Structure formats: structure tokens, C-alpha cells
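Below are notes for a colleague who is seeing this model for the first time. Please read them with the structure open.

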Amino acid sequence: MPRFLVRFVRIVDMVNYRIGRMAMYLLFVLTGVLLYAIIAKALFRPPLWTQEFAQFTLVGYFVLGGAYSLQLGANVRMDLLYGRWSLRRRAAVDAVTVFAMIGFLAVILWGGIESTLYAFEVGEKSRSVWAPYLAPVKIVICIGVFLMILQSIAYLIRDIALLRGERI
């Protein structure tokens, strides 16, 4: 494989690994926010922001951890036949099916970018009483989907290398 492709795969893996590891800690933020909401509701007037902030935190955890999950192979797959196949056959099937995943993610990214631009243009806010701006969470979604596309491309490069008899 050309050096620039190997370098691309390694850089994408490094970036997604680090972002994924940082995203894992969003569960602690989520736990803290929900714990605060429970205590505040029991002792005094519950804050208006906790439920929506918890939802935004969960979105960040989910989409920023998506590429990390792909990288580790922790994604869900039908293993009825796949587990019995050779590495070469798996790579051939993955090299074909990854285009469906990239296409799906590209549509999500396109819609996400349009939605984010709209949120900036009109100053879109949530319809809740807290009414936070929605652009920041939409930016996080776009970044997470973009990272998943990059990880999918890295997997495609790996599969092609394996089919050529090389390992990355």
C-alpha cells in the first residue's frame, strides 16, 4: 500500500482512539448531571436545564464514540456466516459493504450540515423552558459522523490491503 494511505489509516486511528477515550468520560458528566437533578428535585426546586443537558451529553457520548466503536470492532454485526469465513473473505465482503455505510453516513452528514447552518442562520433554540441554542449539539453530531466516515474509509483501505496480502 502507498505510504500516504498507511499514514492516513494510522492518523485516523489515532484521532478516533483519543476522541473516543475522551468521549467515554461523558458518561461521568451525564451521571453527575442526573444525580444533581435527583438531589435537587428531592431537596428543593428542580433545575430546568438538567434533562436537556443530559440528552445533549448523551448525544455527544454516542456520536463521538461511534468511530471509536468502529475502530475496536465493537459494532453490532450479523455473525451467522461472517464468523466462519476466512479473513480474506471477510475483507472482500467488508470492502463491498463499507460503501453502503459510507453512503448512509454521507447522507446523515449532509443533512447535519444543512441543519447546523440553519441553526446558525436563525439562532435556533430548543423549545424547552431552558431554550439553549441547538447549533453546538448539531456541530458535535456533524463531527462525530465525519469521524465515522473517516474510520470507514480507513477500514476500506485496510480491507484492500488485506486482499492484496498486506497488513496495516
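1. Contact here means heavy atoms within 4.5 Å. By that rule, and not counting residues up to four places away in sequence, cysteine 142 touches Leu109, Gly112, Ile113 and Thr116. Cysteine 142 lies in helix α5; helices are DSSP runs (H or I, at least four residues) and strands are runs of E (at least two), numbered from the N terminus. With a relative accessible area of 11%, cysteine 142 is buried. Buried means under 20% relative accessible area, exposed over 50%, and partly exposed in between, using a 1.4 Å probe and protein chains only. Along the chain cysteine 142 and isoleucine 153 are 11 residues apart, and their C-alpha atoms are separated by 17 Å.

2. Some ground rules. The model is predicted: local features need pLDDT of at least 70 and side-chain atom pairs count only at pLDDT 80 or more, while totals for chains, interfaces and linings use all residues. Residues are numbered from 1 along each chain as its sequence is written, and side-chain values use heavy atoms, with hydrogens and water left out.

3. The core. A nonpolar core is a set of buried Ala, Val, Leu, Ile, Met, Phe, Trp, Tyr and Cys residues joined through side-chain atoms within 4.5 Å. The largest one has 14 residues, and Leu105, Leu109, Val145, Met148 and Ile149 have the most contacts inside it. At least two residues of this core come from each of α1 (3-24), α3 (50-72), α4 (87-122) and α5 (135-163). The helix that gives the most is α5, with eight residues. Isoleucine 149 touches Leu105, Ala106 and Leu109, again not counting residues up to four places away in sequence.

4. Helix α1. This helix has 22 residues and reaches 31 Å from its first C-alpha to its last, close to the 32 Å expected at 1.5 Å a residue. The expected span is 1.5 Å times one less than the number of residues. Which residues of α1 are buried? They are Val6, Val9, Val12, Asp13, Asn16, Gly20 and Ala23. These residues lie on the same side of α1, because they cover an arc of only 125° around the axis; the arc is that of the directions from the helix axis to the C-beta atoms. The cover over the buried residues of α1 includes α2 (26-43), α3 and α5. On the face turned away from the buried side are the exposed residues Arg3, Phe4, Arg7, Arg10, Arg18 and Met22.

5. Aromatic rings. A search of the whole structure finds five aromatic pairs. Rings of Phe, Tyr and Trp (its six-membered ring) pair if their centres lie within 6.5 Å; planes under 30 degrees apart count as stacked, over 60 as edge-to-face and the rest as tilted. Tyrosine 36 and tryptophan 49 form a stacked pair, 5.9 Å centre to centre with 20° between the planes. Tyrosine 36 lies in helix α2 and tryptophan 49 in the loop between α2 and α3, so the pair ties together parts that are 13 residues apart in sequence. Tryptophan 49 also forms an edge-to-face pair with phenylalanine 53, at 5.8 Å centre to centre and 85° between the planes. Tyrosine 36 is partly exposed at 38% relative accessibility, tryptophan 49 is partly exposed at 31%, and phenylalanine 53 is partly exposed at 31%.

6. A charge over a ring. Arginine 158 lies over the face of tyrosine 155, at 5.8 Å from the ring centre. The criterion is NZ of Lys or CZ of Arg within 6 Å of the ring centre and within 35 degrees of the ring normal.

7. The loop between α4 and α5. Leaving out residues up to four places away in sequence, serine 126 touches Glu52, Ala131, Pro132 and Leu134. Glycine 123 is in the loop between α4 and α5 too, and is partly exposed with a relative accessible area of 29%.

8. Phenylalanine 56. This residue is in helix α3 and is partly exposed, with a relative accessible area of 23%. Neighbours within four places in sequence aside, phenylalanine 56 is in contact with Trp130, Pro132, Leu134 and Val137.
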